[in-house]
Amino acid sequence: MSKSRRATQTKGRRPAPRRPPKTWLQRNGVWLGAGALALVAVVVVAVVVSNGGAGKSRSSPAKEGAGLVGGDFHSLVADPATPGRLFVGGHQAVSVSADGGRTWSAVKSLEGADAMGWSFAGNTAYVTGHPGINRSTDGGASFRKANDGLPDTDVHAFGSSGSTLYAAGPANGVIGSTNGGKTWETRASQAGQSFFGQILVGPNDDQHLVAADARTGAVGSTDGGRTWHGLGGPSSAVWVSRGGTTLYSSGRQGGARSVDDGKTWQSLALPSGATLVEADPTDTKILYTGVQDGDKVQVWVSRDGGLNWARP
């Protein structure tokens, strides 16, 4: 064929398009369109970000605004040494929040601790329940059993001030120790069987106590737990706390506050389903309350002394 004829036949034809180089996935037998490749890239980036980057892992909270406790809700307590640090506890689990209840993580050393009673004294923290006393000497980062000398390990309520400790439970009533728990003595065998939660110890008088009695409401003692008198407030109380000079008592019947050490009480309006009320020990205007949601607790906060509540 002549050159002129070949030129006539090829004139007007477009040159064949050049194929782009194969991707890694194509070279290895996996063919994807441009859209699918973009999707893969997004997924890969998302996986890397969710894991905090290559080679890193990040513990996620139990649930935004909710702490794992198990099937029941026993306690909600604020750490006086660290503003915004909260614990919630139940029979099976304890969770801690470092940001005022926004996010939570499980406290592994308190699994099964049945966390009812709580107390903080400097760098020492106590948690008590059916297994007895768990003590932390590192500010609540980890806990170990501390039952030596304890006459019975079923401790539903607990309080401390330095080396003076108070405990209460169904078997022994109210007992006390003046040497950090090495030895204990009975203070009231006919009281304390239905105490729950914190036993508040006076900041200037370790003989002045306030506790929650599930049968009668808040109760008080001025002689180191040897005798007790009713303070009123909600019946069936299972939690007491103090913010400055204001006393709070709460339970299934709601919450109330007293500014005169229990002589008179004013009801608190709480979110639906809320039970325990905890006063922030670092700011008298801040209160926390909890609503059980299955095996978790949702925390609500008030920054105006209980007038308004919101999720953190």
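1. The structure is a predicted model, in which local features need pLDDT of at least 70 and side-chain atom pairs count only at pLDDT 80 or more, while totals for chains, interfaces and linings use all residues. Residues are numbered from 1 along each chain as its sequence is written, and side-chain values use heavy atoms, with hydrogens and water left out.

2. The largest nonpolar core has 27 residues, of which Phe87, Leu110, Trp118, Tyr288 and Val299 touch the most other members. Such a core is a set of buried Ala, Val, Leu, Ile, Met, Phe, Trp, Tyr and Cys residues joined through side-chain atoms within 4.5 Å, where buried means under 20% relative accessible area, exposed over 50%, and partly exposed in between (1.4 Å probe, protein chains only). Among the strands that each supply at least two residues of this core are β3 (86-89), β6 (117-121), β7 (124-129) and β24 (296-302); strands are DSSP runs of E with at least two residues, numbered from the N terminus.

3. Leucine 110, one of the residues named above, touches Gln92, Val94, Trp118, Val127, Asn134 and Phe143, when residues up to four places away in sequence are not counted; contact here means heavy atoms within 4.5 Å. A second, separate core is made of 13 residues, including Ala168, Leu209, Val219 and Trp228.

4. β22 is joined to the antiparallel strand β23 (residues 287-293) by four bridges, and the bridge partner of valine 277 in β23 is threonine 289.

5. Serine 235 lies in the loop between β17 (229-232) and β18 (237-243), and it counts as partly exposed because its relative accessibility is 38%. Not counting residues up to four places away in sequence, serine 235 touches Thr216, Gly217 and Gln253. Serine 235 and glutamine 253 are 18 residues apart in sequence, and their C-alpha atoms are 6.6 Å apart in space.

Definitions and conventions. Two strands pair if DSSP finds at least two bridges between them.
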